[in-house]
Amino acid sequence: MDKNNKDKALQNEAEIIAYLNRVMDSTFARFIMKKLSRPKSISRSLGIYAGVEEAKTVKEKVHAKVVATAIEKGAAPLGVEPQALKDFLKDPYIRKGFSVIIRGIAEYGITKPQRLSAPFLVVWNFTSECNLRCKHCYASATPHPAPDELTLEEKMEVVDQLDEAGVAAISFSGGEPLMNKHLLPVAEYASSKGFYLAVATNGTLITPKMAERMKEAGIGYVEVSIDGPTAEIHDAFRGVKGAFDRAVTGLKNAKDAGLTVGLATTATHHNIGVMAEMVELARKLQVDRFIVFSFVPTGRGREIVEEDPGPEEREDLMNFLYREWQKGDMQIVTTSPCYARISLSNALKNAGAKISPTHFADLELPAGYLEGAKALTEFIGGCGAGRIYCSIEENGDIQPCVFMPIKLGNVIKDGFQRVWDNNEVLQELRDRDNSDYAGSSCPYRYICGGCRARAYAYYGDVKAPDPGCIMYKDEWDKIISRERGLRIRI
C-alpha cells in the first residue's frame, strides 16, 4: 500500500483502535498513561508531539516523549511514518479519539471488547420537536419541544462535561435538530472545543443558507434520512407529502456547501424490497456514506412491529450491502452488529478487504494484515451501546443508546462521567462473558454481541437475545408464533 493510501486508511476511528492495540503492550507506557489521569492531559501530550501545542514544563516534555514513542511503535508495523502521524494528530478530534482509547487501555488493559474511559461518540437528541410524523420514530417526536428541554446555558454545560470526559464526537439528532434555535450556537461552541460534529436530520430544512451556516458552525457531517427511492414510498412512511423532494434537495444543498453527506434509511418490510434502488439513489446523489439502520420497535415503532424483517431477510440484506460496498464508490454500513460478522467472514475468505467493526467506522485492511482482523473486530466489539457510544436526551437524561429508553442518570443532575463510570446497566453491557448474557457462548460474542436495543425492545432485558440475528432464528420463530396466536385469539 503506497503512502497516500496508508495515510487515508489511518484516518478513521477503526484504524485508531487498530494500532493502539499494539501501542499499549508496554507496562511502562501504561503506567505513564495512567499518570496522565485526564483524557485532556493525554490529548495535550499528543498536541505537543504533533507540534500544535508547546510543552510548558519538563514533565510535559517527558510525557509527550513517552506518548510519542508508544504510538510510533504501534504504527510502525503498519508502515505509517512519524510525520504522517504528526500531521494526522494536528486535528483536535483525532487527538480526542486517541486520548480516550489510550486512557481506556491504560485503565482497564486490553479487554474484549475494549472498555473505554468515555464514549467515543455521543448522540444527542437535541430536541423532541419535529416537522414530520414518521411511523418508526424512536423518539415519538411531536410538533412542539418538550417542556423540560435543557436551557441554552445547560446545553453549554453538557458540552463542557463531554469535553472534560474526553468524548471525541457529537452527533446532533432529535426530533429534528434544525428546528431548534440553540443548535448552531451549541455546535459552534462544541467545535471550538475540538469535537467532530455531525447532524442527523430529515433534510427538509436544509436550505443553501442553512447548509452554509452549518458548515460555518463547525459541523462536518450531515446524515439525511430517506426511507424510499421514490416520493410515494418515502412520504407514506414519513407522514408528510413532499418530504422526499425536500429531503433530496436538502441533501444536495449540504453537499454543495462542502459538507460530508450520508443517506440513512431504516430497513423495514416497507422498503426492504427496493434496497437496491436505495443504493442506486445514494450513488446518484453522490453521497459519501450509505447507512442502513436496523428497525427497533421502540417509540412509535412499537405500533408497526410487523414491519420488522426476520433473520433471513436481514442476513440477505447485509450480504447484499457488503457486496455493494466492495465496489468502492461510497461507504456502505449498517447499524446491525451482525454486519461485523458478515464483513469479517468475507474478508477472511478474500471476498473483500473491508471490515465494519462497528456502525460508525469502517476499515480497509492492507495486504498481510488480515490475520489481525479477528482481533481487531473483537477489540472494537460490534454493538457499542454503553461501551463506545451512548445518547443524551433533550432534557439531559443519559441512555445507553437512542433506541434503548433506559434512564441511566442525568448530565446536569448527576454528572456525565459519574454515570459513565458507575451505572450498573452500563457495566452489564460491557461484560459479554457474563453467563446471563444471551450470547456468552456465541463464537461471535466479542465481534458482534447482538443489538442490545432490539433485545431490550423485545424482552425488556439488555442481556437477552437479539431476535434479528440468524444465530437466534428460533427466538424469532417463537415471537412470530406468539404474535400469530394473539391475532387468532383477538
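User: Which residues line the second largest cavity?

Analyst: This is a predicted model, where local features need pLDDT of at least 70, side-chain atom pairs count only at pLDDT 80 or more, and totals for chains, interfaces and linings use all residues. Residues are numbered from 1 along each chain as its sequence is written, and side-chain values use heavy atoms, with hydrogens and water left out. On a 1 Å grid over the protein atoms alone, a cavity is a set of points where a 1.4 Å probe fits but cannot get out, and lining residues have an atom within 4 Å of a point. The lining here is Ala267, Val292, Phe293, Ser294, Arg314, Leu317, Met318, Thr334 and Ser336.

User: Which elements give two or more residues to the lining of the second largest cavity?

Analyst: Elements are DSSP runs numbered from the N terminus: helices (H or I, at least four residues) and strands (E, at least two). Two elements qualify here: β6 (289-294) and α14 (311-325).

User: How does that lining divide by class?

Analyst: Ala, Val, Leu, Ile, Met, Phe, Trp, Tyr, Cys and Pro count as nonpolar; Asp, Glu, Lys and Arg as charged; the others, Gly among them, as polar. The lining of the second largest cavity has five nonpolar, three polar and one charged residues.

User: How much space lies in the largest cavity?

Analyst: A volume is the space filled by probe spheres set on the grid points, which are joined across faces, edges and corners. The search finds six cavities of 30 Å³ or more. The largest is lined by 17 residues. Its space is about 140 Å³.

User: Is Ile206 buried or exposed?

Analyst: Ile206 sits in the loop between β3 (196-201) and α10 (208-216). Buried means under 20% relative accessible area, exposed over 50%, partly exposed in between (1.4 Å probe, protein chains only). Ile206 has 3% relative accessibility, so Ile206 is buried.

User: Which residues does Ile206 contact, leaving aside neighbours within four places in sequence?

Analyst: Contact means heavy atoms within 4.5 Å. By that rule, the partners of Ile206 are Leu178, Thr201, Ala211, Val222, Val224, Gly250, Asn253 and Ala254.

User: How far apart are the end C-alpha atoms of helix α8?

Analyst: The expected span is 1.5 Å times one less than the number of residues. Helix α8 (residues 152-165) has 14 residues, so it should span 20 Å. The model agrees: the end C-alpha atoms are apart by 20 Å.

User: Which residue just after α8 takes a positive phi?

Analyst: The phi there is about 100 degrees. The residue is Gly166.

Notes: On a 1 Å grid over the protein atoms alone, a cavity is a set of points where a 1.4 Å probe fits but cannot get out, and a pocket is an open set with protein on both sides within 12 Å along at least five of seven lines; lining residues have an atom within 4 Å of a point.
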